[in-house]
Amino acid sequence: MLAGLTNISNETIAALVEQVPTPILVAEGEAQSVLYTNRAFREMIGYSIAEIPDVAHWWPLAYPDPDYRQQVMEKWSQLVAEARGAGGAIANMLEVIRCKDGKSRWFEAGGSISGDKLLVFFTDVTEREQAAQRYRELFDHMSSGAAVYRAVDDGSDFVFLDFNKAGQVIEKIDLGDVAGQRVSEIFPGVESFGFLDVLRRVWETGVPEHMPISFYQDERITGWRENYVYRLPGGEVVAIYDDITDFKETERKLLASEDKYRHMVEGAKAVAWRLDLETRLFTYVSPQAEHLLGVPAEKWTDFEFWADHIHPDDREQAVSFCNAETARGIDHEFEYRMLRDDGSLVWVRDLVVVDHDNLGRPVELSGILVNIDEQKKAEIERDNFFDLSIDLLCVAGTDGYFRRLNKAWETTLGWSKEELLSKPFMEFIHPDDVAPTIAEVERQMGGERVIHFENRYLCKDGSWKWLDWSSEPEPDGTIYAVARDVTQRRRTVEVLRSERQRVYAVLDGLPAVVSLQTADGRIQFANRRFREIFGMVDQPPYRDAEGGSPSLNVIQSRAPTEWEWDSEDGHVYQLSAYPFEDADGTEMVLETGLDITSLKQTLDELVRSNAELERFAFIASHDLQEPVRSVVSFAQLLEKRLEGLLDEDTQEFLDFVIVAAQRMGELVNGLLSYSRFGATARRFETVDCNHLVEQVVSGLRAMELNAEAQIDWTDLPTVMGDPLQLSELFQNLIANGIKFSREGAAVRIDISAVPGDGLYEFTVSDNGIGIASRYQEEIFEVFRRLHYADEIPGTGLGLAICKRVVERHGGRIWLESEEGEGSRFRFTLPAPSNIPE
């Protein structure tokens, strides 16, 4: 077109293009100055030559988006360059232009170029492109799979042009993987499947075909497909299809269990039925009808029979609803009460399917009557639970109104349900709590649960109640919530807070170090003594005996603990930690501490002093042995030399000296043994008490101390201890039982043990003379005797040694006895896993 205008004046060109109904722009020169725009251009696009004197002004007006503008400019430059070398015709280009009225429209821009003149015409294709977009949306949102094909090789094969999203899901493949590819390559089994033959016939004849349900299989995918194939005006072939694999599997299962299914339906509480709409007669009623109403199925004659057996209060509504929905051809369900033959009522749910003829007219109803009596009872119980709950239960909607409330709202706030339902719930909330409440509601709209949110609600008497909320949002925006009146609890918390301040004041005056800490060791309170020693710190400077956090360890173990801590300034603190829960349920730890530096020093001095005393007693008793032995020896030698020469009184005096010296020797030996048990410190080892007692008893028999005694023991445990000291312990207790036996009675001693908390409790019982209760503490003292030496021999050190041995092993010893009834000595020893320090 432009080639014929090169020698025509601009005025002539303007006159020629003015009446053309297509928008046209004419430009010339390197600057591409705009010579003319016709009426159609000015009316549709809106810009005059004054606004676009050259193409450079046109670009930013028509394409305001920089990225899109650059894309269009590059494409247009490419088309113009191609046109200069190909006869001057510029290929059409699809683009979106922003018109002067601010609206964007689709245009196909094309034209020609000759010399320095450029003619561009614009075809408005907005409606076409919008229709194409709608088609694309429809295409991609179809629930069925859809594919568009183009024939190749004279129809021997087809290639994919398009493939909607449902088809990609069904076939488990992306559009990018199939576009432009042959059908036979993507689906190798398509030929044997018969689909290619259908595509060829439709492509050749233009007659749509329904390809019945068929099974497709290749190495990648298998399944049942049902296809509808059409040819488009442009020659493309479209296949609309569904994957009915699940349906076929269900069908197979249903057919395989048809008898079982029929038995199940006829044995269930549901009644299946069919009704011909023309005759209004039942064509089928399952046998369960008699169970439902007490009327045999053959007496269910027609529509009127059904209506007559509906409860009068429900009849009009049920019949009207069913007639209306049937007339509209819509499947429906509804609930109502039916009258049984015996006059009782039963709630049913009627599920109705409307069947149509070829013209779409309703011709038959099929349905199932389901007995929902139990469900209705459950709903009544639910409603009763809803109304009887002391908590405030509610259902709220996205419109900001309550939809349902239980009676607790009325009793708690004083408002009636009608008053609460008639206003947005925000109007009942305290002004200071509105903003936080809105934030919580927005969180719920986002799908989040709310647990323990508190706000204040207005009561009808003008007071405010604190409510603690928990709620669960549904996808549709409905909120199910429960609230509890916590007004009294908050008042209690305030009282407890005041009490806490008073307790803090008491703790602040204590001379001990006191702190309250959270589970992570952060100090919540420290008394004045703590602050004076350690300053204002977030965490205490000390650690427990294992070097860990006392607070964390105590909370984990749920048990109090004690330990000593040496500070850097040389002080020693006795510390204790106790777990507890605060009034609001927060886990806390109370830690107390005393500066025991002076006490430790005193104890150390006492230990040293006791050690020196024990050493002195050991040395003294050891050194006294020799002079005592000398006195006994020389007295006995003197008695022998003067035998027969002494008168009776002198002989008696000499006997007194010898007996007293021997008694002194026994006391010195006992004292030496007692001091030895405090001075020696052998490492503990596992000791089999069965074997140990057996050795002790054998030793006593060898000394002929228990020849007539019956000594029994069974299943004694293994303990940790010093075997020599434990031998002395058992020997002294058994010897005591023999020594303090009743005259004329056979001696019987029993030894047993029972497990305890990390220890064993032993009992050595005898049937001897027993000990009065007033002496049962004294007998463990050094040199304490209840009988004279000439009555029952002994030093008074045996039980004192027993006590020292048991305490040396971290245990305790005590006596249970009644005078004349025997004695039971009980003591504890550590189990192998509990070795005393």
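Mentor: Let us begin with a term. A crossing is left-handed if the near helix is turned anticlockwise from the far one by less than a right angle, and right-handed if clockwise. Please keep in mind that this is a predicted model.

Trainee: In which sense does α26 pass α27?

Mentor: The crossing of α26 past α27 is left-handed. In general, two packed helices are described by the angle between their axes and the distance between the axes. Here the axes of α26 (residues 723-739) and α27 (residues 798-808) cross at roughly 145° and come within 9 Å.

Trainee: Which residues of α26 and α27 make the contact?

Mentor: From α26 the contact draws on Gln725, Leu726, Glu728, Leu729, Asn732, Leu733 and Asn736. From α27 it draws on Gly798, Leu799, Ile801, Cys802, Val805, Val806 and Arg808. Sorted by class, this contact of α26 with α27 has 8 nonpolar, 4 polar and 2 charged residues. As a general rule, an α-helix has 3.6 residues a turn, so residues three or four places apart point the same way.

Trainee: Is Asn732 buried or exposed?

Mentor: Asn732, which lies in α26, has a relative accessible area of 13% and is therefore buried, the cut-off being under 20%. Beyond residues up to four places away in sequence, Asn732 touches Gly798, Ile801 and Cys802. The C-alpha atoms of Asn732 and Cys802 are 7.2 Å apart, although 70 residues separate the two in sequence.

Trainee: Where is Asn767 placed, and what is its relative accessible area?

Mentor: Asn767 is in the loop between β30 (759-766) and α27. Its relative accessible area is 21%, and Asn767 is thus partly exposed. Apart from neighbours within four places in sequence, Asn767 is in contact with Arg742, Ala746, Val747, Arg748 and Gly822. A polar atom of the Asn767 side chain lies 2.9 Å from the backbone oxygen of Ala746. The backbone nitrogen of Arg748 is 3.1 Å from a polar atom of that Asn767 side chain.

Trainee: How many bridges join β16 to β20?

Mentor: There are 5 bridges between β16 (residues 392-396) and β20 (residues 479-485), which run antiparallel. Leu392 stands opposite Ala483 in β20.

Trainee: Finally, which residues of α10 are buried?

Mentor: In α10 (residues 195-205) the buried residues are Phe195, Leu196, Val198, Leu199, Arg200 and Val202. Their cover includes β6 (145-152), β7 (157-163), α9 (190-193), β8 (209-217), β9 (222-231) and β10 (237-243). Just after α10, Gly206 takes a positive phi of about 75°.

Conventions: Residues numbered from 1 in each chain as written. Predicted model: local features only at pLDDT ≥ 70, side-chain atom pairs only at ≥ 80, totals over all residues. Heavy atoms only, no water. Buried < 20%, exposed > 50% of the residue type's maximum accessible area, 1.4 Å probe, protein only. Helix = DSSP H or I, 4+ residues; strand = E, 2+ residues; numbered from the N terminus. Contact = heavy atoms within 4.5 Å. Axes fitted to C-alpha atoms, helices over the stretch in contact; angles between N-to-C directions. Nonpolar A, V, L, I, M, F, W, Y, C, P; charged D, E, K, R; others polar. Pairing = 2+ DSSP bridges. Polar contact = N/O pair within 3.5 Å; in protein donor to acceptor, adjacent residues only side chain to side chain.
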